[in-house]
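Visitor: I would like a close look at the aromatic side chains here and the nonpolar packing that goes with them. Please take it slowly.

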Amino acid sequence: MSKFNEDTRVKIPALLHLTRLRYEYLSLKNSVWDTRNNIFGDIFAASISRLNPGVSHADIRRTLEDIQLDLLNDDLGKAFHKRLTTRSGLRLIEFDDVNQNSFHVVTELPFVNGGDEFRPDITLLVNGLPLAFVEVKKPMNTNGVLAERERMNRRHANSKFRHFFNLVQLMVFSNNQEYDDAEPEPVQGAFYAAATYGQAHFNHFREGYAAELSTTVHELSDDTENLILTDTNYTSLKHAPEFSRNKLPDTPTNRILTSLFSRERFAFILQYAFAYLDKDTGVEKHIMRYPQIFATQAIARHLDGGARKGIVWHTQGSGKTALAYYNVRFLTNWFQQRRQVARFYFIVDRLDLLKQARDEFRLRGLSVNVIESRDEFARDIKKTVAIDNDRGEPEITVVNIQKFKDDPTVTAAQDYNVSMQRVYFLDEVHRSYKPTGSFLANLSQSDRNAIHIGLTGTPLIGEQAPSKALFGNYIHTYYYNASISDGYTLRLIREDIATQYRMQLQQTLQSVQVLQGGIAREALYAHPRFVQAMLDYILQDFRHSRIAYGKDGANIGGMVICDSSEQARELYEQFVKLSECKLTAALILHNEGDKQFREDQVKAFKNGGIDLLFVYNMLLTGFDAPRLKKLYVGRIIKDHNLLQALTRVNRRYKSFRYGYVVDFADIQSEFDKANKNYYDELTAELGDEMQHYSRLFKSADEIRTDIEAIKQALFLYSLDDAELFSQQVGQVEDRDKLLRVAKALANARELYNLIRLNGQQELMALLDFDKLRVLHNEAQHALAQLNLKAQIENAPDTSTLLNQALEDVIFRFEKLGESELKLADELKGVLRRTRETLASTQDSQDPQWIALKEELERRFKKKKLSEVSQADMRANISVLSDIERKAKALNQENTNLQTKYGGDSKYLRIHKRLLESRRVESNPVKLHEALSAIKQVVDKAVLGSRQLLGNPAFFEKQTMPIIIGKFQESLPISDVDTFDIINQLLVKEYLGQAQSKLNS
């Protein structure tokens, strides 16, 4: 049996699974919705009336118009989301009792604005509002989930769709495969994202409460299954064994649907999981990462159990400040439901962290109070309201303990307002909170009933008190390995400086010592001669890295951690004197410039305006700049401070798989010591969980192991003869096997860059990397050819030429002017639209469609489109536009006829083939009457019999009397051969659909 297509393998099973989650399937055939926004008005009105007793029809109509006005804002739906989640006034959703809401699911709902349109595979409605959609692809589809992401990004960029993305909150993408955690880009799996105007960020989802959530999955109703199969015209799937497997609850697609769209979870996500960030570049909409969802729910369970303190251990770079923001919103309502008023505090131990936390909270819309003195804290502790800003915004108070942590009496116990529930989030609890110090005692005394939630991703190392002893048990944990697998953080590469340069530095040090005798170590490393050699290497390496990392590395930033503040100043001063240096730099020291100046410099670095930062103690922890990808370490940093400093370069940035640490200070021994202590501490605090940090760094030994794995993967292939290798991979028919070969060669290419950057010449001799780069290209060609064959065999004949050659056109010009760019963009757009229009046909045997396809092939198949003149482009645009126009008209005619058969493309094709054959009377009304009657009987028979489609000869015998009877009633036929032709067409369509040989 042929492979199923994406509809039969993923979409239909997903629709069925959503009904298990108690979503009611809604056929679009008899439904009415507002095409301006796709709100189902009747469902909306009934739901709002039920949730808001006494509301008038006029109020409901006014609310719908207000929603429409909200959707016209250029705010990513911020105004609408505020209306959606409000708990006062007219409620759009009942969040406290989610079963009071109406949940529906539809398929292929058109989102239309003018001539632009898209149709998500699945759209989910809550109270008639389309709040989420699901796009699916079949497993191992060409380019994987990346292809769907690119298609979605084109939608997001279309301003005509913005009002729809203001309404839709959540998007899911799946090709029904398990995650491949080794891939830097999400090629396979099931992912979720917030609606956006720009690039969608795909998030993994790994369920943390699977057993508990399984109770939300109900039995699948046979009547519902028959309804969906009949409505989508897939009755032939009913008894297929592949279909039975694909509709199981534990497929990757169905698992993520359960995780995100079970009623209680979906209500939680809609209410608490979104953040709108008002950045200088515009509004961004973020969605909770799954560990943040589970940490938030774990905090609630922890508090429900009577605990007053605990630790959330989420690795560096996993968004702990954002977690605190989400919890302010969640816990505010959580305490209100228990008739308590909550006030929130975020405790830091440094001024720069206070500013960073303040800015991050304000970006997300919180009102932020800042406390830096004992008097301010004493006044705040007596406040009797949860918020005291005049805008009514959720509020948090950020406290810097550095200014008063040693004050023995911040406030007495009797001073605080006992009616207030205070929640303290203590940042980075692996440091600074000494049990013998006064701050913890002060904090406890300030409110003995307060809740203390410690946040960390690093354990205490050494002889300090373990975090758990001070702040309680772990509430939730999320480790480095998981963060790497989920794409939130990167592994690190430690680069030794070149041997020749190391010798040069040593000679410079010796000469300075000879000249100046017993010079102090700090002065020695800050000496101009030493600094000059160090700066030369840094600039050379940094420029080289930007080139070596390709286009994504063109704007990376670097940070130099200096041996002393004197060395930092000398490095910066020498840098400023370099007249020919095109790079920019900033010096960040606690006594260099004022606070505002330093803040402006840091902001400029984050935004790409500064290339290099020279620092000593500042910015080593808590500094978050994703573009920072090169860290030059010029001094020994000890214990957890070293690990925190190194992870400044672990943030996700474009296509980078690693952050890079250049080791001037020979930190290897200190790192090994810190790592061992780190593991020991993890073992003591977490037991067997220490292995979750095993992937922090990629070592030279790991590179050697990778090289050995590459050799084993390529053992059966000729690596010294590219022509023979090309023949060998060209004969491989197993796609998975060929993927393993291509992946091994891709890994070799990556290792080559790492070895070259590290200067590890001894590793370069282990493989012929230059030859492997050539072989990688050949493997990619073979893989593309294999994919092409699979498309031809398993997809409808909508012309592989259109899906491959024209889609991959690249335009190059010797002199690129604005007019050529505009024409090139226009030609690319017309090419894509023409391909998509032709490929979307439901009838690839239509003579008119074939003529359009052949016209496209005739004009473009033999032309080299990569180098064209303006005249050629204009001519091509004209031809393509004409083909597109005709193809659209033909598709519309097919859609109209298909609608007559309830959207069943099988009967569209049967109808047209019979009229083309001229064997029946040319009366489309009578023909439709006969075929519709046949469809009703045959569909019912197929649904009711497991064996019917499994025996083609028997099926053919069963359908013949049905055909004869129904045609005799509507369109009499006297020719027996005509009945045979009709029966063959019908049987072919049903069997073809069951085997996915025809269009979906």
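Which residues form one aromatic cluster?

Guide: The model is a predicted one. In it, a single aromatic cluster is made up of F111, F118, F133, F161, F164 and F165. Aromatic pairs come to 37 in the count.

With a cut-off of under 20% relative accessible area for buried residues, F191 qualifies at 1%. F202 is likewise classed as buried, at 5% relative accessibility.

A further tilted pair is that of F605 and F623, where the centres are separated by 6.1 Å and the planes by 40°. Helix α23 (residues 595–606) holds F605, while F623 belongs to the loop between β21 (612–615) and β22 (628–633), so this pair ties together parts that lie 18 residues apart in sequence. F605 has a relative accessible area of 0% and is buried. F623, at 2% relative accessibility, counts as buried too.

The ring of Y197 has the charged end of R162 over it, at 4.2 Å from the ring centre. Over the ring of Y209 sits the charged end of R301, with 4.1 Å to the centre.

Now to the nonpolar packing. The largest nonpolar core contains 103 residues, and L131, F261, L331, F346 and F361 are those with the most contacts inside it. Helix α13 (residues 320–336) supplies the largest share of this core, 10 residues. Leaving aside residues up to four places away in sequence, F346 touches T321, A324, A357, F361, I396, T397, V398, V399, F425, D427 and L455. Among these neighbours is F361, itself one of the residues with the most contacts inside the core. Another core lies apart from the largest one; it has 32 residues, including I556, A568, A585 and L587.

Terms used. Residues are numbered from 1 along each chain as its sequence is written. This is a predicted model: local features need pLDDT of at least 70, side-chain atom pairs count only at pLDDT 80 or more; totals for chains, interfaces and linings use all residues. Side-chain values use heavy atoms; hydrogens and water are left out. Rings of Phe, Tyr and Trp (its six-membered ring) pair if their centres lie within 6.5 Å; planes under 30 degrees apart count as stacked, over 60 as edge-to-face and the rest as tilted. Buried means under 20% relative accessible area, exposed over 50%, partly exposed in between (1.4 Å probe, protein chains only). Helices (H or I, at least four residues) and strands (E, at least two) are DSSP runs, numbered from the N terminus. A charge sits over a ring if NZ of Lys or CZ of Arg is within 6 Å of the ring centre and within 35 degrees of the ring normal. A nonpolar core is a set of buried Ala, Val, Leu, Ile, Met, Phe, Trp, Tyr and Cys residues joined through side-chain atoms within 4.5 Å. Contact means heavy atoms within 4.5 Å.
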